[in-house]
Amino acid sequence: PTGPVNLIVNGFDPQTIEPWTSGGTGNSFILATHGFFYNSQKKMYSLGTSNTTEVFAWTNIFNLKRNTKYTLRVGLFADWSTSSCYIYFMGKPAGGDFSYQHLRMINDLSDSKVVYYTMTFDSGSFDFGQFRIDNNGSKTQGTTAALYICEVSCIEGEYNNSWTPSFDELITEQKFNETKSTVDAFSR
């Protein structure tokens, strides 16, 4: 592939939750659409709870180059009742355990538009990485609080202004184009 490759699988217009996972008591992690996100034409993740405690979602685990800069870009918005959001980078050396690095706390999540957040970090001595995005719960126990997560990308380097396909998505797109080309040839 040419240009930067997104390390996050299903970060843009996901059709399945996998390989993302979620945790926390009372979490609801689903694919959703929303009226002000591409007029409900594209899917994104919704991480919800009606508890005042955090729930969280993890991206896929990806390979890293050591001591290299990477940039995460993620679009977020939330219900008015969502208290805040944390974003963590989790790194792991080969044969070791994951360590957390807090990248950002967002106290003023928009409930009227997607806001894009960009964070650059250094991989240090880690060989594998993953991101964790927390919905820090509802402002009021029993009131649903959804955090919407969209257009997630992580690329090598210090600049990331848009989504790019992950390696897995490139392979899938290539297979689709090869199949379409074969069907077109048979049709002719």
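Let me begin with T16, which counts as partly exposed because its relative accessibility is 31%. Please keep in mind that this is a predicted model. T16 sits in the segment before β1, the strand that covers 21-23.

What does T16 touch, if we do not count residues up to four places away in sequence? The answer is N10, L31 and Y45. Take Y45: it is 29 residues from T16 in sequence, and in space the two are 9.5 Å apart, C-alpha to C-alpha. The side chain of T16 also makes a polar contact, at 2.4 Å, with the side chain of E18.

The largest nonpolar core has 30 residues, and the members that touch the most others are V74, L76, I87, F131 and I149. Several strands give two or more residues to this core, including β3 (44-49), β4 (55-58), β7 (85-92) and β11 (145-156). Which element gives the most? That is β6, with 5 residues.

Leaving aside neighbours within four places in sequence, I149 is in contact with W20, M44, Y45, L47, V74, G75, L76 and I133.

Next, the rings. The count comes to 15 aromatic pairs. A pair of rings is described by how far apart the centres are and by the angle of the planes. Y88 belongs to strand β7 and Y100 to strand β8, 12 residues apart, and the pair links distant parts of the chain.

Are these two buried or exposed? Y88 has a relative accessible area of 16%, so it is buried. Y100 is partly exposed, because its relative accessible area is 47%.

Ring pairs also join F62, Y70, F89, F121, F126 and F131 into a cluster. F131 is a residue we have already seen, among those that touch the most other members of the largest core.

Last, two charged residues. R73 lies over the face of Y116, 4.1 Å from the ring centre. K92 lies over the face of F98, and there the distance from the ring centre is 5.9 Å.

Conventions
Residues are numbered from 1 along each chain as its sequence is written. This is a predicted model: local features need pLDDT of at least 70, side-chain atom pairs count only at pLDDT 80 or more; totals for chains, interfaces and linings use all residues. Side-chain values use heavy atoms; hydrogens and water are left out. Helices (H or I, at least four residues) and strands (E, at least two) are DSSP runs, numbered from the N terminus. Buried means under 20% relative accessible area, exposed over 50%, partly exposed in between (1.4 Å probe, protein chains only). Contact means heavy atoms within 4.5 Å. A polar contact is a pair of N or O atoms within 3.5 Å; within protein, one must be able to donate a hydrogen and the other to accept it, and residues adjacent in sequence count only if both atoms are side-chain atoms. A nonpolar core is a set of buried Ala, Val, Leu, Ile, Met, Phe, Trp, Tyr and Cys residues joined through side-chain atoms within 4.5 Å. Rings of Phe, Tyr and Trp (its six-membered ring) pair if their centres lie within 6.5 Å; planes under 30 degrees apart count as stacked, over 60 as edge-to-face and the rest as tilted. A charge sits over a ring if NZ of Lys or CZ of Arg is within 6 Å of the ring centre and within 35 degrees of the ring normal.
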